[in-house]
Amino acid sequence: MELKIKGNRTLTGEIKISGSKNSALALIPIALLSDGVVTIDNVPEVSDIFVLKEILEYLGAKVSFDNNVMVIDNANLVNKEIPEELSHKMRASYYFMPVLLSRFNKVEMFFPGGCSIGARPIDQTLKALTALGGVVDEKDNHYAITTEGLVGGHVYLDMPSVGATVNTIIAAVKAKGTTILENAAKEPEIVNVATFLNSMGAKITGAGTSEIRIRGVKKLNGCYTEVIPDRIEAGTYVIAAAMVGENLKISNIIPEHIEALLLKMQEMGIDFELNDNSVLITAPKHKLKPVKIKTLGYPGFATDLQQPVTPLLTRCSGVSKLEETIYENRFNNVPYLNEMGANIEIKGRELKISGPTEFKGKTVEATDLRAGASLLIAALAADGNTTIKNVNHILRGYDNLVEKLRAVGADIELV
Ligand code: EPU
């Protein structure tokens, strides 16, 4: 599939942000830990979620998904190995590792997939599962993990990994005794996971800080929960608004979750009106100041907004710098942005962006999800027509993308 975009259109009106893909990708597997029916509201309709639904059904769960509400009944859950092809479709497939281990005391699983943005090892998850009483047998890309019963333990993560934090919480929640997790990730998605589990009856404190304590419980009841707004989708549209918006309102957001981006925009000289759950932006006509940005774990500048923000930096007069500290290879958008007219040099893990430059429409390719979002933003601001190939990468993470952009005046078509 391809996206065809006629650029240089002014976008005006309102874009409502959907539920967080990365939160939903954790909450849905976690629902399998419950001893009752779980209802999750505000689930985005993105392709990754449909893959998860397929995995749940493969494991024997009954799942309905209508109007962004997913209802999961796991009464007939079975312990089966998830086919390699399904595990490979996304990183989040490895959340089933601690879920099935906790439920059945054994799990067999293939290495997870995810965007190709550098090596993405799972050593911290394996270390945590071992600390909690799992025995890991690893052969090539296949893992067999068994336990005589998970027990609480003391886990220190070498880096504040989002996935390893979620996996440790999952393994600890029904383990015997207390787990202390140090150097935990502080992302809002972790808080969403802990709130969800606590509403099922778990005993988790400290989520959102770097030390999380989990007191194991025997039972988890069914519950209703809501997915938080997607801060990366919000950030992506905020950036688009700063380039081509006129009174464009991005609503249903938690402004605090995109504070690092908003503060950098202020530094560039971009004005916006911030309200309780929305932000109103008009693309400035004046010169923008160059900035330095470094990606970090939350509340630092999100790596998932590094590629989307790059087109905006081409608008600054002078040299901006953008350092990627989380992934080693997250610059696959750059050659295409340069073909479209940007002047960006890659120096190791840093980009040097010289501006201002203008974008021209071209045929380009989305190599991964956020690279695709970056090219889309450039295309919306470009003179002429852009075709983005391999658009399935973008549809993994942006709910109703074409409809949302068309409603505010973009000329965009999915072919
Ligand atoms: N890492 C290790 N060992 C581990 C785990 C992580 O070395 O055991 C390294 C990774 O290689 C990476 C860094 O630690 O360099 C951070 O990885 P993290 O585990 O935090 O990322 P993740 O859980 O795999 C989630 C999101 C990503 C997002 C990161 C960082 C999901 C499904 N994915 O990945 O989202 O970039 O957190 O915030 O939640 C995206 O949405 O485009 C995306 C890639």
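**Close-up views of a predicted model**

**View 1. Lysine 404 and its surroundings.** Setting aside neighbours within four places in sequence, lysine 404 is in contact (heavy atoms within 4.5 Å) with Ile15, Lys16, Ile17, Ser18, Glu233, Tyr237 and Asp399. Lysine 404 sits in helix α14, which spans residues 401-407; helices here are DSSP runs (H or I, at least four residues), numbered from the N terminus. Lysine 404 counts as buried because its relative accessibility is 12%, the cut-off for buried being under 20% relative accessible area (1.4 Å probe, protein chains only). This is a predicted model, so local features need pLDDT of at least 70, side-chain atom pairs count only at pLDDT 80 or more, and totals for chains, interfaces and linings use all residues. Residues are numbered from 1 along each chain as its sequence is written, and side-chain values use heavy atoms, with hydrogens and water left out.

**View 2. The two domains.** Domain 1 covers 2-18 + 229-414 and domain 2 covers 21-226, with bounds from an automatic or database domain assignment. Their C-alpha centres are 31 Å apart.

**View 3. Where domain 1 meets domain 2.** Here 20 residues of domain 1 are in contact with 22 residues of domain 2. About 1800 Å² is buried between the domains, 47% of it from carbon and sulfur atoms; buried area is the accessible area (1.4 Å probe) lost on putting two parts together, summed over both.

**View 4. A salt bridge in close-up.** Glutamate 189 and arginine 231 join their side chains in a salt bridge (2.8 Å, N to O), meaning a side-chain nitrogen of Lys or Arg within 4 Å of a carboxyl oxygen of Asp or Glu. Between domain 1 and domain 2, the count is two salt bridges.

Methods: Helices (H or I, at least four residues) and strands (E, at least two) are DSSP runs, numbered from the N terminus. Buried means under 20% relative accessible area, exposed over 50%, partly exposed in between (1.4 Å probe, protein chains only).
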